[in-house]
Amino acid sequence: MLVVMTVTLTAVLAALSLLFLGLESWRPAIRGQKHLRRGWRTDVIYWFIVSTIGKWFARAIVLLGIALLGILATQSLDRDAIKAWAMRDTPLQRQPWALQAFEILVLTDFVGYWSHRMFHAWPPAWRFHAIHHSSTEVDWLSAVRLHPINDAVSNVLTAAAFVLVGFDAKTLAFAVPFFTLYAIALHANLDWSVGPLRYVVASPVYHRWHHTTEEEGLDKNFAGLFPAYDLIFGTAYLPKGQQPRKFGISGEPVPDSFWGQLIYPFRPAARATLAPPPSE
Ligand SMILES: [Zn+2]
Ligand SMILES: [Zn+2]
């Protein structure tokens, strides 16, 4: 099983490398940015660890979260009653699949928007999310640099929303890979802002502004798919014809190594020195 998974992940990584090597050479947002830039080895480790052990960890946390919700909803510790509640048939699940898929994207991005804002605004959470923002050269591969606790918390909040409104939690199996692949494209070193659709769907330029250290882009563009959320809640920033030039975080630098990054949020030094970005 592990061998098959490793071979599959290697093949997908190779295919994505080829695709983005071509695209980022063709339409770079930052000209001259190296493909093998600082931290690429760390991000390759994330690719393998986050997609295997990280996903199992996230799945365990999601199941635990659903079980806790089930206990609250059924007011019992009966396993079958909790399972029946979590898998209850609801009118939402009887809609046409295409409508359900769209609603799932809308709901996932809504929860993602607010959990993302929480990760920026609440200092203990920011220490974990800072790892994602530590890349100083943002490209497609930097999308996978996500602390496993950041990933697990985002997933459990989304799963909780699914179960509460009445979607089958199994539909997460559709939403999570979609958003992961979409996030890879969003971080790419591409100058695409998708023209007339720039405020309809998030683009690489849109999300790259979220990663900038330039003041005008701080605490902006939290949405991962629909900029409508940033427009509604006042956090959209997409100046026409401009690109962010500087990326990363201010304050104490995050270590470059994978293990250094994993333990970084727990270190007292991080607590004392890693300040969240200034809020609006
Ligand atoms: Zn962020
Ligand atoms: Zn990002």
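How do the axes of α4 and helix α6 (residues 148-165) cross, and within what distance do they come? They cross at roughly 140° and come within 10 Å. That makes α4 oblique to α6; angles under 35 degrees count as roughly parallel, over 145 as roughly antiparallel, 65 to 115 as roughly perpendicular and the rest as oblique. Axes are lines fitted to C-alpha atoms, for helices over the stretch in contact, and angles run from 0 to 180 degrees between N-to-C directions.

This is a predicted model: local features need pLDDT of at least 70, side-chain atom pairs count only at pLDDT 80 or more, and totals for chains, interfaces and linings use all residues. Residues are numbered from 1 along each chain as its sequence is written, while chains are lettered from A and ligands numbered from 1 in the order in which they are written.

**Overall fold.** The protein chain has 11 helices and zero strands. Helices (H or I, at least four residues) and strands (E, at least two) are DSSP runs, numbered from the N terminus. The C-alpha trace spans about 60 × 45 × 45 Å along its principal axes. Of the 280 residues, 36% are buried (20 or more other C-beta atoms within 10 Å; exposed means 12 or fewer, partly exposed in between; C-beta atoms are placed from the backbone).

**Helix packing.** On the α4 side of the α6 contact are L107, T108, V111, G112, S115 and F119. They meet N150, V153, S154, L157, T158, A161 and V165 in α6. Contact means C-beta atoms, placed from the backbone, within 7 Å. This contact has seven nonpolar, six polar and no charged residues. Here Ala, Val, Leu, Ile, Met, Phe, Trp, Tyr, Cys and Pro count as nonpolar, Asp, Glu, Lys and Arg as charged, and the others, Gly among them, as polar.

Helix α4 (residues 97-121) also packs against helix α5 (residues 123-132), at about 105° with axes 5 Å apart. That makes α4 roughly perpendicular to α5. M118, F119 and H120 in α4 meet A125, W126 and H129 in α5.

Most residues other than glycine have a negative phi.

Methods
Contact = placed C-beta atoms within 7 Å.
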